Amino acid sequence: MTVLARDIMTPSVKAVPASWTMDRLARFLTENEITGSPVVDDHGDIVGIATLKDIAEFRWSSDRKPRAWARLTPEEQKEVRRLRMAILEEMTRLPVEVRDIMTPQVFSVDESTPVRDIADIMMGEHLHRIFVTKDKKITGIITTYDMLKLISDRSLTRRCAEGE
């Protein structure tokens with residue numbers, strides 16, 4: 001018997017509004033002990049996904065030095081630092097919203113999709129999570145943790161082997 005998405009998915013999906021600030025998103029992810037969440041618009045439609053990686057990349061890109069840094073004179077480097085600090089100071093006055101850092105691409109599979117197909121999609125697209133749908137409505141999420149259940153749960157492992 002083939003193992004399907006509905007057999008391993010986590011049925012509760014915690015979505016966040018696109019209008020939340022990045023800091024509120026970070027607190028939400030930490031409090032819920034998750035690394036990513038779907039992002040919804042004002043109508044409740046999923047418009048993207050926001051993860052801890054998105055937060056880290058935003059913070060990192062605002063701190064990193066430009067590629068041409070080594071070619072700048074010490075005076076030019078000082079001026080770049082001064083300008084960057086002025087820009088960052090202005091940025092902190094306006095909160096960064098989830099819509100500004102989210103990934104607008106959403107991957108999903110139907111509840112009846114075999115887990116082998118899900119693994120192929122996740123590996124091919126380098127995904128750590130994929131949404132599960134039924135009649136175009138999100139009913140769950142499968143994460144890399146859920147995929148590990150296939151190995152740790154002997155009955156699921158057997159079903160996967162027999163389903164080939």
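This is a short chat about a predicted model.

Colleague: Let's start with V106. Where is it found?

Modeller: V106 sits in a loop. That loop runs between helix 5 (98–101) and strand 4 (108–110).

Colleague: Is V106 buried, exposed or partly exposed?

Modeller: V106 is partly exposed. Its relative accessible area is 32%, and the buried class needs under 20%.

Colleague: What is V106 in contact with, leaving aside neighbours within four places in sequence?

Modeller: I46, V47, G48 and F131.

Colleague: Take I46. How many residues separate I46 from V106 along the chain, and what is the C-alpha separation?

Modeller: They are 60 residues apart along the chain. Their C-alpha atoms are separated by 8.0 Å.

Colleague: How far apart are M9 and I130 in space, C-alpha to C-alpha?

Modeller: 9.5 Å. In sequence, M9 and I130 are 121 residues apart.

Colleague: Now the largest nonpolar core. How many residues has it, and which have the most contacts inside it?

Modeller: That core has 15 residues. Those with the most contacts inside it are I8, I118, M122, I130, I142, M147 and L150.

Colleague: Which elements give two or more residues to this core?

Modeller: Helix 1, helix 6 (115–125), strand 5 (129–134) and helix 7 (144–152). Helix 6 gives the most, with three residues.

Colleague: Back to I130. What is I130 in contact with, beyond four places in sequence?

Modeller: F107, S108, V109, I118, I121, M122, I141 and I142. Of these, I118, M122 and I142 are also listed among the residues with the most contacts inside the core.

Colleague: What lies apart from that core?

Modeller: Another core, of 14 residues. Among them are I55, V96, I101 and M102.

Colleague: Last topic, aromatics. How many aromatic pairs does a search of the whole structure find?

Modeller: One. The rings are those of W20 and F28.

Colleague: Why is that pair called edge-to-face?

Modeller: Because the planes of W20 and F28 are at 70 degrees, and over 60 counts as edge-to-face. The ring centres are 5.3 Å apart.

Colleague: Are W20 and F28 buried or exposed?

Modeller: W20 is buried, with a relative accessible area of 15%. F28 is buried too, at 14%.

Conventions: Residues numbered from 1 in each chain as written. Predicted model: local features only at pLDDT ≥ 70, side-chain atom pairs only at ≥ 80, totals over all residues. Heavy atoms only, no water. Helix = DSSP H or I, 4+ residues; strand = E, 2+ residues; numbered from the N terminus. Buried < 20%, exposed > 50% of the residue type's maximum accessible area, 1.4 Å probe, protein only. Contact = heavy atoms within 4.5 Å. Core = buried A, V, L, I, M, F, W, Y, C linked by side-chain atoms within 4.5 Å. Phe/Tyr/Trp six-rings, centres within 6.5 Å; stacked < 30°, edge-to-face > 60°.
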